[in-house]
Amino acid sequence: MQTRAVFHSAQAAGLYTRLVRHFGHKIPVVESPEGAELQFVCGLAQLRHDADRLSIHVTSATATELAQTCEVVESHLLRFAFREDPAPLVWHRG
């Protein structure tokens, strides 16, 4: 199962860096020129960014694990972006 979301922000690069560093202390994280892969117990989150958006792609084995992975990534992103008064992410299956 998989889903995607995009978070629009002028601070996308900084939010990406903060997420990668934060999770890098807790779970396996692999960075490449294309972005980062965060390997949670419940699924894989792939992060990419450009000047004004952070793209998130989540893959998990089950719907429950997919929801858990999305919730962990989204809750941290929204907490780190609090100055922007962010709205919840809109996830798109597929």
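Analyst: Six strands make up an open sheet, in the order 2-3-4-5-1-6, with antiparallel pairing. Because strand 2 (29-32) and strand 6 (92-93) stand at the edges with a single partner strand each, one side of each has no neighbour in the sheet. Strands (E, at least two residues) and helices (H or I, at least four) are DSSP runs, numbered from the N terminus. Two strands pair if DSSP finds at least two bridges between them. Strands of a sheet pair through backbone hydrogen bonds, either parallel or antiparallel.

The model is predicted: local features need pLDDT of at least 70 and side-chain atom pairs count only at pLDDT 80 or more, while totals for chains, interfaces and linings use all residues. Residues are numbered from 1 along each chain as its sequence is written, and side-chain values use heavy atoms, leaving out hydrogens and water.

Now the pairings. Seven bridges link strand 1 and strand 5 in the antiparallel sense; R4 has H57 as its bridge partner in strand 5. Strand 1 also runs antiparallel to strand 6, to which two bridges join it, and there the partner of T3 is R93. Strand 3 (residues 35-40) and strand 4 (residues 43-50) pair antiparallel over five bridges, with A45 in strand 4 as the bridge partner of L38.

H57 lies in strand 5 (residues 53-59). Its relative accessibility is 10%, so H57 counts as buried; buried means under 20% relative accessible area, exposed over 50%, and partly exposed in between (1.4 Å probe, protein chains only). Leaving aside residues up to four places away in sequence, H57 touches Q2, T3, R4, L44, A45 and Q46, where contact means heavy atoms within 4.5 Å. The side chains of H57 and Q2 are also joined by a polar contact of 2.6 Å. A polar contact is a pair of N or O atoms within 3.5 Å; within protein, one must be able to donate a hydrogen and the other to accept it, and residues adjacent in sequence count only if both atoms are side-chain atoms.

Helix 1 (residues 12-24) lies across strand 1 (2-8), strand 2, strand 3, strand 4 and strand 5, at about 150° to strand 4. Helix 2 (residues 63-80) packs on the sheet, where it touches strand 1, strand 3, strand 4, strand 5 and strand 6, and its direction makes about 160° with that of strand 5. Axes are lines fitted to C-alpha atoms, for helices over the stretch in contact, and angles run from 0 to 180 degrees between N-to-C directions. In strand 1, the covered face holds T3, A5 and F7, and the uncovered face holds Q2, R4, V6 and H8.

The largest nonpolar core has 24 residues, and F40, L47, L54, I56 and L77 have the most contacts inside it. Strand 1, helix 1, strand 3, strand 4, strand 5 and helix 2 each supply at least two residues of this core. Such a core is a set of buried Ala, Val, Leu, Ile, Met, Phe, Trp, Tyr and Cys residues joined through side-chain atoms within 4.5 Å. Residues up to four places away in sequence aside, F40 touches F23, I27, A45, T69, V72 and V73.
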